[in-house]
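Good morning. Please have the sequence and the structure open while I talk.

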Amino acid sequence: MAESDALGDTGRRDFLVRVTTAVSGVGVAAACLPFVASMNPSSDVLAKATTEFDLSGMNPGDMRTVAWQGKPVFILRRSLEQIKEMEASNGGFAPEPDRQRVKQPEWLVVVGVCTHMGCVPNREGPGWLCHCHGSQFDDSGRVLRGPAPNNLEVPPYHFVAGNKIVIGQA
Amino acid sequence: MKNRVIKWIDQRFPLTSFVKNELTGYPTPRNLNYWWNFGFLAGFVLVLQVATGIFLAMHYKADITQSFDSIQHIMRDVNYGWLLRFMHSTGASAFFLVIYIHMARTLYYGSYRAPRELMWWTGQTLLLLLMATAFMGYLLPWGQMSFWGATVITNLFRATPFIGDQVVIWLRGDYTVSDATLTRFFALHYLFPFLIIGAVVVHLVALHTVKSSNPSGINLADKENIPFHPYFTIKDFFGLGIFLIVYCVFVFFLPDSLIEPANNIPANPMQTPNHIVPEWYFLPFYAILRSVPNMVGGVVAMFLSVMMFSFMPYLDRSRIPGGALYRPIFRLQYYLFIIDMLVLGYIGYIPPTSLTILIGQIATFCYFGSFFVVTIISRAEERWLIKRGLPPGVEALMASEAREQIVLPHRRRSGDGL
């Protein structure tokens, strides 16, 4: 093969350019990965994953706010009437039976973060009212009035001996 | 000596010609009114914000245990710290005020039309960068409004399809707005102004390519232009004096009027204030967010409400020069739009009730509606104005512009232009 033919082999050159571009593209993307990943929660943040809370001393109708992963978690000890009322309805426009939202009907545990824009709803009358945009939740944490699209989230939790609850672990 | 130094530089860098062509001798339409001051004012406020910001950063601590106190430290202990802080916080509002007036002028006089589309779009980019910078800066005092404002706005990214929740956690670096969020917002709040400066350079290069528009809407021939210096340096500096009077009244006498009282309470992630509102310059867009009952829809509507402006060069199809000045129906629509913005701003400010939500929804409908209506109105109005008879000057102008558009591509083909 003459030298001029080799130089004129544009197909080969184009192939090399394409491969080089592709490999360097992958390289640049790989180099970006640590930068993007550095913005994800760090190990000390991940270590805050569970919270333990002592339930003794809460009377029926009482509500406590507990910090879990920096977010408020509402723990409501519901009276018999409240349980009966909640079990009778299916909530608002995100219907869900009350049974599926509690492990023991007496204890309602929900993340106190409005599913709309992340404000903390205030306890007002029965249920909660979010002052940011006016969403309303019932005593099962179910949305009754928008703009919140969903019911208050139920975090993973389990009861442990001695009337305690661990939030963050099912 | 001075001449020799300049000559030495000129052989290596186009200093004299740059100053002559782009600054002192830069050809400027002679009929610019005071609404054309606001671009210069925006540049001035940018410099002011960067200057005060750098000095504030020398005393500020981006750590949730210290940031709130470091603001008090700046206010009480740092020499003239109160002045730097009030200049910076008032400067943010001043920045949006001059930018909004600058945009309103562009809309009124139709300056976004060809050949200035790229000016309008780089300006739109600048607005987005400014909004991001202001939003991140607002978290830094770590007050209640800072915290909940940042919580609500980062939450908007939940609307991202499929990976919404992860995106929000990634943005915050935590499950909630936290120390990680504060530190990165500080880093980015320091970075973004330099991106803004870069975008301003692009904006200005575009400006110096197409030159300033003017109230008549007529592309003035060279003989109608006058050098920037001394005519417009004087005019801009006079406007600056007026601006500084208003600015100083706020800095020295009303600095707290632009700061929500709730922001003097340290951030508490367990308690949302009863009435959270964004800064005044975000209120109309916030009202649009609240007006849409669906969350994703609200976020999309809010984003679109800012971006709608960039479609104006295509939505406004009228060829009548001079913007609203010679277009009575467009002018009426313009003022209705401004009123609609004010209504939205007020609705965004007051706590939501079913009546205000309804008013907000009507105003949101009008907001987007006006962008669609303008496509129909602009053409109909043009036909009506032509039928009614345009002033002979304007008619001749439109004819000559139509001719130019035919001539230009021909020139390009023959290769004597670029």
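The centres of domain 1 of chain A and domain 2 of chain A, taken over C-alpha atoms, are 54 Å apart. Domain 1 covers 3-38 and domain 2 covers 46-167; such bounds come from an automatic or database domain assignment.

Some housekeeping. This is a predicted model, in which local features need pLDDT of at least 70 and side-chain atom pairs count only at pLDDT 80 or more, while totals for chains, interfaces and linings use all residues. Residues are numbered from 1 along each chain as its sequence is written, and chains are lettered from A and ligands numbered from 1 in the order in which they are written.

Now the sheet in chain A. Three strands form an open sheet in the order E2-E3-E4, with antiparallel pairing. Strands (E, at least two residues) and helices (H or I, at least four) are DSSP runs, numbered from the N terminus, and two strands pair if DSSP finds at least two bridges between them. Which strands are at the edges? They are E2 (63-68) and E4 (107-111) of chain A, each pairing on one side only. E3 (residues 71-77) of chain A is joined to E4(A) by five bridges; Phe74(A), for one, has Val110(A) as its bridge partner in E4(A).

The loop between E2 and E3 of chain A holds Gln69(A). Gln69(A) is not a glycine, yet its phi is positive, near 55°. Most residues other than glycine have a negative phi, and most peptide bonds are trans.

Next, the two chains: 23 residues of chain A are in contact with 25 residues of chain B, where contact puts the C-beta atoms, placed from the backbone, within 7 Å. On the side of chain A, E2 and E3 are the elements that give two or more residues.

In chain B, helix H3 (residues 38-57) packs with helix H9 (residues 179-210) at about 155°, the axes being 11 Å apart. Axes are lines fitted to C-alpha atoms, for helices over the stretch in contact, and angles run from 0 to 180 degrees between N-to-C directions. H3(B) and H9(B) are therefore roughly antiparallel, the word for angles over 145 degrees. Among the residues that meet there are Leu46(B) and Val50(B) in H3(B), and Tyr190(B) and Ile196(B) in H9(B).

Last, the cis peptide bonds. One runs from Ala114(B) to Pro115(B), with omega near 5°; Pro115(B) is in the loop between H5 (81-109) and H6 (117-139) of chain B. Another joins His229(B) and Pro230(B), with omega about 10°, and Pro230(B) is in helix H10 (residues 228-253) of chain B.

Key. Parallel < 35°, antiparallel > 145°, perpendicular 65-115°, else oblique.
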